[in-house]
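Please walk through this structure step by step, starting from a single residue and moving out to the whole chain.

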Amino acid sequence: MKNKFIYFSAALAVMLFVSCKNEVQNSESESAQKEYLGKEIGTEHDAEIDKLISQMTLEEKVGMLHGNSMFANAGVKRLGIPELKMADGPLGVREEISRDNWAPAGWTNDFATYYPAGGALAATWNSEMAHTFGTSLGEELRARDKDMLLSPAINMVRTPLGGRTYEYMSEDPFLNKKIAVPLIVGLQEKDVMACVKHFAANNQETNRDFVDVQIDERTLREIYLPAFEASVKEAKAYSIMGAYNKFRGEYLCENDYMLNKILRDEWGFKGIVVSDWAAVHSTAKSLKNGLDIEMGTPKPFNEFFLADKLIAAVKSGEVSEKEIDLHVKRILRVLFQVKAMGGGERAKGSIATEAHYQDAYKIAAEAVVLLKNENNALPLKLDGVKSIAVIGNNATKKNALGGFGAGVKTKREITPLEGLKNRLPSSIKINYAEGYLERYDKKNRGNLGNITANGPVTIDELDPAKVQEAVDAAKNSDVAIIFAGSNRDYETEASDRRDLHLPFGQEELIQKVLAVNPKTIVVFVAGAPFQIENISQKSQAVVWSWFNGSEGGNALADVLLGKVNPSGKLPWTMPKQLKDSPAHATNSFPGDKTVNYAEGILIGYRWFDTKNVAPLYPFGYGLSYTTFAFGNAKTDKTSYAQNETISVSVEVKNTGKVDGKEVVQLYTSKSNSKVTRAAQELKGFAKVLVKAGGTETVTIKVPVKELAYYDVAAKKWTIEPGKYTLNVGNSSRDLKFKLDVTIK
């Protein structure tokens, strides 16, 4: 989706940290096990739908199958059929734009809450937060009278360079689905369709309009489809968005194997397939192979493949009107499902409310990851502190808008500097210095939006005056905090980054500041990994934040000052260098006209663990201001049938002095397997709040079917009998217990 730029203001907000009670502890430990089940699209209105279709002209039917404005198809007013109104929204409900171009509509009532990005949500490792995200965003969509959210984006993080890594959830299919399902359920509970995207194998922006993705069948099934399958089977998603790229030689918006054979025939999908904008390449083939609505922008709406060309195809006999009726019926069913038709009280909406800002705050606070904390440098101890240097353009940078992806027009975006001003005592002086300038090579700046591997080209030369100002601020302050990393102009849809170096000369600046003030905290605000090994080694404390929503600055300040104990965990692996990552170790990114996923099932930590490559920070990693001890880990049995569920319990003791949340992670391994396997795979997790000095028992349930691999020859999921090892720990590289079980 394309983005336009809008002016917005930020308002200050004060939010107090609320400590959780015992009953919340128990519900938290259970919440990760909660089954989120969506509501199936009903057929109770089929007779009424058939009657409506019988009264429609061919032109009216075809009008429903393509965009009639930038974000809606055509309704049929005389029959009471409304437009299906869509909205972008990975970060919140997009501003209203004109019906026939990308210019802002100029409304004054379309300000919305800016929510944390998908990477941040995944970093909470908390399915309750995902459900909160869905319900809160659903209410905002209803306030704007929308029927469909063009989100969530659940493609896999295959390369750290990916322009949309900030928006996608994770490199792990299990974590992906456990965050995606409750989000979709929460959204659709508010009578709004989720449009889950981009189906499928859309894992790079480079050449995305035409690149032909080649993935072997087992890898496709085990890595790239599970989150989509769970979205359909468990969350009952009402809509799926077809991707831009080709898969095995055929565009994904006209891909019979993906849209018909897998999505509808195998998974039983009953909703509608919507194209990505301008991702359609044919008329009869697209319709026959599973597309329901064509959306796009580059030409008049009547010139779309499913517009005048489709009417001509019906009149020539190339497409039957019965085929048209099938797609219209699907659209009408989902309109009835969300009560856009047929009466029934539809969910009420509200937008940009304090309650929604509080939702954004809760997610942001749980998303922040503490990567390093030497000598307990954090939380900041303010006794005797008279001044704090706040350094870096990212201390004041706003990310609700920017780049080439959909943003949010918001009245509130608390920056890190504002968050510290809101939280620090007035007696402490803040010495702010911009430090580095966000600058781009003007000759290449026009590349923003090109489908390229180069991304925006940055100017990495530091401004001497800015550096001196930063060094002086650090030298003359008791403590220094540098806000570094990225922004949504640099990490953007429609281009992948060229490398993992920090842009704008930030590394050099950080080294100069560290040299004059060893009490320097480095905070990264970014959506994707960077090469930060040198900085990490020399800094006492390193914190990772995200494009973290309207309350991001307040949440970050509360973590730095200890009002919130950090509990975020990395949803992807932070490599030491780019060539360590599987798509780059195998030289299989970005391809040219074709890209072959040579690493197969060994995506992300699976590669690092199986190939014994040391990451800088592993998948699932994140520290706390307290310490935890795991004990008494056990399974309820030692042997299981294939239709049973393994129950693993472990005691989590808080051995420190402050309350904190820990994520118990369960990885499974199978030695002596007859098929190639990763060293381990995530198959369960639970987040639990444990009071200081207290102990909580966490139970993780793993259905034995989760241990299956995809048997390509038999074309089915197969559970290999034998011994499995269950590894229990708090990151993929910090495993406390190994439990063996036998599958019969």
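Is Phe-547 buried or exposed? Phe-547 counts as buried, at 1% relative accessibility; buried means under 20% relative accessible area, exposed over 50% and partly exposed in between, with a 1.4 Å probe and protein chains only. The model is a predicted one, in which local features need pLDDT of at least 70 and side-chain atom pairs count only at pLDDT 80 or more, while totals for chains, interfaces and linings use all residues. Residues are numbered from 1 along each chain as its sequence is written, and side-chain values use heavy atoms, leaving out hydrogens and water.

Tyr-166 is also buried, with a relative accessible area of 2%. A pair of aromatic rings is described by the distance of the centres and the angle of the planes. Rings of Phe, Tyr and Trp (its six-membered ring) pair if their centres lie within 6.5 Å; planes under 30 degrees apart count as stacked, over 60 as edge-to-face and the rest as tilted. Searching the whole structure gives 22 aromatic pairs. The ring centres of Tyr-166 and Phe-547 are 5.6 Å apart and the planes stand at 65°, so this pair is edge-to-face. Tyr-166 sits in the loop between strand E4 (148–150) and helix H6 (173–188), and Phe-547 in the loop between strand E16 (541–545) and helix H19 (552–560), so the pair ties together parts that are 381 residues apart in sequence. Elsewhere, ring pairs join Trp-125, Phe-174, Tyr-605, Phe-619, Tyr-667 and Phe-685 into a cluster.

Helices (H or I, at least four residues) and strands (E, at least two) are DSSP runs, numbered from the N terminus. One of the helices, H8 (residues 226–233), is mostly covered, with seven of its eight residues buried. Among them are Phe-228, Glu-229 and Val-232. The cover over the buried residues of H8 includes H6, strand E5 (193–199), helix H7 (217–224), strand E7 (239–242) and helix H9 (256–266).

Now the whole chain. The protein chain has 21 helices and 27 strands. Its radius of gyration is 25 Å, close to the 27 Å that the globule rule gives for 744 residues, so the chain is as compact as a globular protein of that length; the radius is taken over C-alpha atoms, and the rule is 2.2 Å times the number of residues to the power 0.38. Along its principal axes the C-alpha trace spans about 80 × 65 × 50 Å. Of the 744 residues, 65% are buried.

Technical notes
Contact means heavy atoms within 4.5 Å.
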